[in-house]
Amino acid sequence: MSSPVVSTAAMNLHLRSGKTPLHILKDIDLSIEAGEVIAVVGPSGSGKTSLLMVLGGLEQASNGSVTVAGTAITGKSEDELAIFRRQNLGILFQNFHLIPSMTALENVALSLEIAETGQSFDNIAASAKAALTAVGLGDRLDHRPSALSGGEQQRVGLARAIVGKPKLLLADEPTGNLDQDTGARVIEMMFALARDNGTAVFLITHDPALARRADRILSMNHGRLTPMTESVPA
């Protein structure tokens, strides 16, 4: 049996707000298998995004263990974490974070270029085009973000997140800025593409319908992560 893509044990995160110490994440035990979609729900300020940041190596756990894609990421330097993210993770943001001066194709290709995969420019461009085509934007390759709708920009973000076939996809409220129909299409694509690649998905959402589609739903409350014992209300 293969090892889980994500494994944390007794992981805690302490931060400071001025002189006040804050215990953000409390004894987090989490395991996510390849191809599994985990939805995390909970009130704002409960620690959901902080957990995503730790899993992405964007925030260092204070103690406990964090292993992602077979790599223990606690204690690594910023440079080591940057290389790790480029080679193993895809991140889908709520606010797109596309580079305005770049076309859709260039935005997606850039993630492969900085990953330093050793691919030729032609192969990178072909992979970026295939990813954009997969999310229904094969006819928008040369469009800059300002010429795309919000839903199209989010689909460019999705193509950028999955073009490198990451082992882990982190998605923070990926449909929060989209209308219901567009959000549903983005989520359908994200689930299908992630599962086709065997990618583990960690998804933060306030959308009950989206959460119910996940393989498992976990609840975050006051920094503690627990399985949902009741169905998510509509």
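**Helix packing and strand pairing in a predicted model**

Helix H3 spans residues 104-114, and its buried residues are Ala104, Asn107, Val108, Ala109 and Leu112. Buried means under 20% relative accessible area, exposed over 50%, and partly exposed in between (1.4 Å probe, protein chains only). Helices (H or I, at least four residues) and strands (E, at least two) are DSSP runs, numbered from the N terminus. The model is predicted: local features need pLDDT of at least 70, side-chain atom pairs count only at pLDDT 80 or more, and totals for chains, interfaces and linings use all residues. Residues are numbered from 1 along each chain as its sequence is written, and side-chain values use heavy atoms, with hydrogens and water left out.

Contact here means heavy atoms within 4.5 Å. Just after H3, Glu116 takes a positive phi of about 50°.

The axes of H3 and H4 come within 9 Å and cross at roughly 120°. Axes are lines fitted to C-alpha atoms, for helices over the stretch in contact, and angles run from 0 to 180 degrees between N-to-C directions. H3 and H4 are therefore oblique to each other. Angles under 35 degrees count as roughly parallel, over 145 as roughly antiparallel, 65 to 115 as roughly perpendicular and the rest as oblique. The crossing of H3 and H4 is right-handed. A crossing is right-handed if the near helix is turned clockwise from the far one by less than a right angle, and left-handed if anticlockwise. From H3, the contact with H4 draws on Ala104, Leu105, Val108, Ala109, Leu112 and Glu113. H4 supplies residues including Phe121, Ile124 and Leu132. By class, this contact has eleven nonpolar, one polar and two charged residues. Ala, Val, Leu, Ile, Met, Phe, Trp, Tyr, Cys and Pro count as nonpolar, Asp, Glu, Lys and Arg as charged, and the others, Gly among them, as polar.

H3 also meets H5. Their axes come within 8 Å and cross at roughly 25°. That makes H3 roughly parallel to H5. This crossing, too, is right-handed. Ala104, Asn107, Val108 and Ser111 of H3 meet Val156, Ala159 and Arg160 of H5. The contact of H3 with H5 has four nonpolar, two polar and one charged residues.

Leu148 lies in the loop between H4 and H5. Leu148 is buried, with a relative accessible area of 8%. Leaving out residues up to four places away in sequence, Leu148 touches Arg140, His143, Gln153 and Val156. Its C-alpha atom is separated by 9.1 Å from that of Ala104, 44 residues apart along the chain.

Four strands form an open sheet with antiparallel pairing, in the order S2-S1-S4-S5. Two strands pair if DSSP finds at least two bridges between them. S2 (20-32) and S5 (71-72) are the edge strands, and each pairs on one side only. S1 (residues 6-17) and S4 (residues 63-68) are joined by five bridges. Val6 stands opposite Val68 in S4. Helix H1 (residues 48-55) packs on the sheet and touches S1, S2 and S4. The direction of H1 makes about 65° with that of S2.

Strand S8 (residues 200-204) is mostly covered, with five of its five residues buried. In a regular strand the side chains alternate between the two faces of the sheet. Ala200, Phe202 and Ile204 are buried on one side of S8, and Val201 and Leu203 on the other. S3 (residues 37-41) runs parallel to S8, joined by four bridges. Val40 has Ile204 of S8 as its bridge partner. S7 (residues 168-172) pairs with S8 in the parallel sense over five bridges. Leu169 has Val201 of S8 as its bridge partner.
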